[in-house]
Amino acid sequence: MKRRQLIGTGLAGAGLLASASANAQTGPTYNWKMATGWAGGPLMDIGAKAFAERMAQLSGGRFKIQTFPGGGLGNALKVPETVKNGLAECGHTWIGYDWGKDVTTALFGGYAGSFDAERMLHWLYEGGGVELQREFREGADGVISFPLFMRTAEVFVHSRKPVKTLEDLKGLKLRTAGAWLEMSKELGAAPVTTAGGDIFPMLERGAIDAVEWGTPWENVSSGFYKVARYLSYPGVHQPCAPFELVINKGVWDKMPEADRKLVEVVAKLVTFESWARIGAEDAKAFEFYKKNGVTLIELDEEVQFATRKIGLDWADKTAKEGKSKWFAKVHQSQQAFDAAWRDADDWRKVKIKRV
């Protein structure tokens with residue numbers, strides 16, 4: 001616990017956390033319901049539940065947040081709608097699920113042309129991304145929004161048959177979500193979407209050939225490897241995936257400013273903690289898969305190049321079309337950040353010789 005408190009102090013600032021502690025017994029109390037899209041696993045445990053635990057800890061117990069599994073309070077794929085309608089005070093979701101309403105959500109949630117997780121974190125917190133997300137979500141959907149939870153690169157697919165080449169993707173019945181639903185068609189796949197809880201039985205009975213869902217570690221608890229004995233990487237379709245905290249605007253407007261800041265800071269803290277945890281556990285997950293007889297497949301370079309090109313071309317085309325009020329503005333911000341970091345690996349990474 002002391003280690004986590006030090007992390008929190010470093011991210012939030014000692015003054016803010018001290019203020020929250022001082023007001024713990026005198027400020028208002030909160031009993032919130034949190035709608036989520038998750039049946040369980042890391043998204044629930046180190047995302048939604050971790051946020052609830054941190055809020056209780058750093059508010060001196062004034063915040064009590066009860067997390068509900070996907071579908072418990074509303075449609076698991078429509079958490080912002082559940083929150084806006086007042087069925088829950090807050091929710092945890094992936095913003096990219098709403099790409100059908102507004103394609104701008106793909107830029108905030110990650111897509112085939114995105115940064116890696118480290119660059120995305122820098123853009124969000126130091127490049128104006130958090131502010132853009134807040135303005136976009138409040139204006140477009142009437143909810144308050146902050147990043148909450150961060151994935152590293154996902155598994156490209158867990159599959160019932162080998163997937164390595166462009167030819168292997170032809171006709172592949174793939175469960176996916178967000179903008180990749182459309183983009184994967186350009187590679188010849190046959191994509192469908194469904195909530196997380198439905199994936200395993202569909203994969204088990206062969207209704208789908210493959211699934212993309214989370215990172216190597218996240219997918220261990222989902223058990224996909226038990227019925228899909230091939231794992232293809234890297235997840236070039238989803239180099240990173242920031243998730244989202246949504247809060248009912250009426251609830252938010254009634255909160256004191258200090259408590260609003262506490263929510264914002266705790267969401268940031270949990271986002272960094274989840275990123276570090278997932279990165280550490282992903283490294284162990286590959287050994288787990290090997291021991292359990294899973295065949296690990298590195299995608300051919302042509303698949304990786306083609307996938308990223310599809311993503312970047314889609315973003316450029318969508319920005320020029322101007323159908324979304326926000327897309328071009330967010331895309332331009334990300335492009336400017338990407339240009340500034342274009343040569344970052346040259347001065348941030350030391351070349352090593354493998355033995």
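I take helices (H or I, at least four residues) and strands (E, at least two) as DSSP runs, numbered from the N terminus. This is a predicted model, so I ask for pLDDT of at least 70 for local features and 80 or more for side-chain atom pairs, while totals for chains, interfaces and linings use all residues. Residues are numbered from 1 along each chain as its sequence is written, and side-chain values use heavy atoms, with hydrogens and water left out.

**Entry: strand β4**

I looked up F149 first. F149 sits in strand β4. Its phi is positive, near 95°, and F149 is not a glycine. Most residues other than glycine have a negative phi. For burial I use relative accessible area with a 1.4 Å probe on protein chains only: buried is under 20%, exposed is over 50%, partly exposed is in between. F149 is buried, at 0% relative accessibility.

Then I took the whole strand. β4 covers residues 143–151, and nine of the nine are buried, so the rest of the structure largely encloses this strand. I count two strands as paired if DSSP finds at least two bridges between them. β4 pairs with strand β10 (residues 241–248) in the antiparallel sense, over seven bridges. P147 stands opposite E244 in β10.

P234 lies in the loop between β9 (230–233) and β10. The peptide bond joining Y233 and P234 is cis, with omega about 0°.

**Entry: the open sheet**

Six strands make an open sheet. I read the order as β7-β6-β8-β5-β9-β11, with mixed pairing. Which strands lie at the edges? They are β7 (190–192) and β11 (295–298), each pairing on one side only. β6 (residues 173–175) pairs with β7 in the parallel sense, over three bridges. K173 stands opposite A190 in β7.

**Entry: salt bridges**

My rule is a side-chain nitrogen of Lys or Arg within 4 Å of a carboxyl oxygen of Asp or Glu. How many salt bridges does this rule give? The count is 25. I looked at three of them.

R137 and D141 meet at 2.9 Å, N to O. Both lie in helix α7 (residues 129–141), four residues apart, about one turn of the helix. R137 is buried at 0% relative accessibility. D141 is buried too, at 13%.

E154 bridges to R151, with the closest N and O atoms 2.8 Å apart. E154 counts as buried at 5% relative accessibility, and R151 counts as buried at 3%.

E321 bridges to K317, with the closest N and O atoms 2.5 Å apart. These two are four residues apart in helix α14 (residues 301–321), so about one helical turn separates them. Are they buried or exposed? E321 is partly exposed at 37% relative accessibility, and K317 is exposed at 53%. I also traced a network: salt bridges with shared partners join D98, K101, R137, D141 and E244.

**Entry: helix α6**

Helix α6 runs over residues 117–126. Seven of its 10 residues are buried, so the rest of the structure largely encloses the helix. The buried residues are A117, R119, M120, L121, W123, L124 and Y125. G128 follows α6 and has a positive phi, near 95°.

**Entry: nonpolar cores**

I define a nonpolar core as a set of buried Ala, Val, Leu, Ile, Met, Phe, Trp, Tyr and Cys residues joined through side-chain atoms within 4.5 Å. The largest core has 94 residues. W32, F51, W123, F156, L245 and V263 touch the most other members. Another core, of six residues, lies apart from it and includes V83, A88, V143 and V246.

**Entry: cavities**

I searched a 1 Å grid over the protein atoms alone, where a cavity is a set of points at which a 1.4 Å probe fits but cannot get out, and lining residues have an atom within 4 Å of a point. Points are joined across faces, edges and corners, and a volume is the space filled by probe spheres set on the points. I found four cavities of 30 Å³ or more.

What lines the largest cavity? The lining is W94, Y97, R151, E154, R175, A177, E212, W213, Q238, A241 and F243. I sort Ala, Val, Leu, Ile, Met, Phe, Trp, Tyr, Cys and Pro as nonpolar, Asp, Glu, Lys and Arg as charged, and the others, Gly among them, as polar. The lining then divides into six nonpolar, one polar and four charged residues.

Note on methods:
1 Å grid on protein atoms, 1.4 Å probe; cavity = no way out; pocket = protein on both sides within 12 Å on 5 of 7 lines; lining within 4 Å.
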